[in-house]
Amino acid sequence: MTEILNGSDVGGISVHNFSEKILEQVVHFHVMKLNGGFFLWIGSAPVLSNLAVSMSSKYDPMPLSTLVMGDPSNTAANSLAQRLAKRTKKQVFVSYSLPMTDSSLSLLVENRIKKEMELHPENF
C-alpha cells in the first residue's frame, strides 16, 4: 500500500490534512479517503481516544452507527460519523479527540468539515 499526502491517490488511499484555529484552539483534521468511505480524525494532539463507524442501511433512513472504541458516554464521534454518513452516503470512521468542554466548539468543527467538503469533495 502506498500513500501520498494531501489528495494524491496511489494504491486506493489518499490522505488530506488541514488545520484551523477555532475558539483559540488549533484543531487538526486528517482525512484518509478509502474505497467506498473515509476515515476522519479530529484533534489538537496526536491521540486516538475513540473511534466510531457509521454507514447507510436500506432499512432505515438514518445511518447505523456504533462506537468501536472509547468512552461510550462521549457521543461526539458517534453522532458526527452518523451525520457525515447521511450526508455522503458512504461508510465513515470518525475519531473525535477534542475535549468536550464547549458545545459551540463541536458545531464550529462540524461547520469547518462541511466547508472543506465543499472546497475539496474529492478528498471525502
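I began with Asn 74, which touches Asn 50 and Met 100 when residues up to four places away in sequence are not counted; contact here means heavy atoms within 4.5 Å. Asn 74 sits in the loop that links strand S6 (60-69) to helix H1 (76-88). Helices (H or I, at least four residues) and strands (E, at least two) are DSSP runs numbered from the N terminus. I also looked up Ser 19, 55 residues from Asn 74 along the chain, and found 23 Å between their C-alpha atoms.

I noted the basis of these entries: the model is predicted, local features need pLDDT of at least 70, side-chain atom pairs count only at pLDDT 80 or more, and totals for chains, interfaces and linings use all residues. Residues are numbered from 1 along each chain as its sequence is written, and side-chain values use heavy atoms, with hydrogens and water left out.

I then turned to Leu 48, in the loop between strand S4 (37-43) and strand S5 (51-57). Leu 48 counts as partly exposed because its relative accessibility is 43%; buried means under 20% relative accessible area, exposed over 50%, and partly exposed in between (1.4 Å probe, protein chains only).

For the whole chain, I recorded 2 helices and 7 strands, in the order β-β-β-β-β-β-α-β-α from the N terminus. Of the 124 residues, 36% count as buried. Among contacts between residues at least 6 apart in sequence, 48% join residues at least 24 apart. Along the principal axes, the C-alpha atoms fill a box of roughly 40 × 35 × 25 Å.
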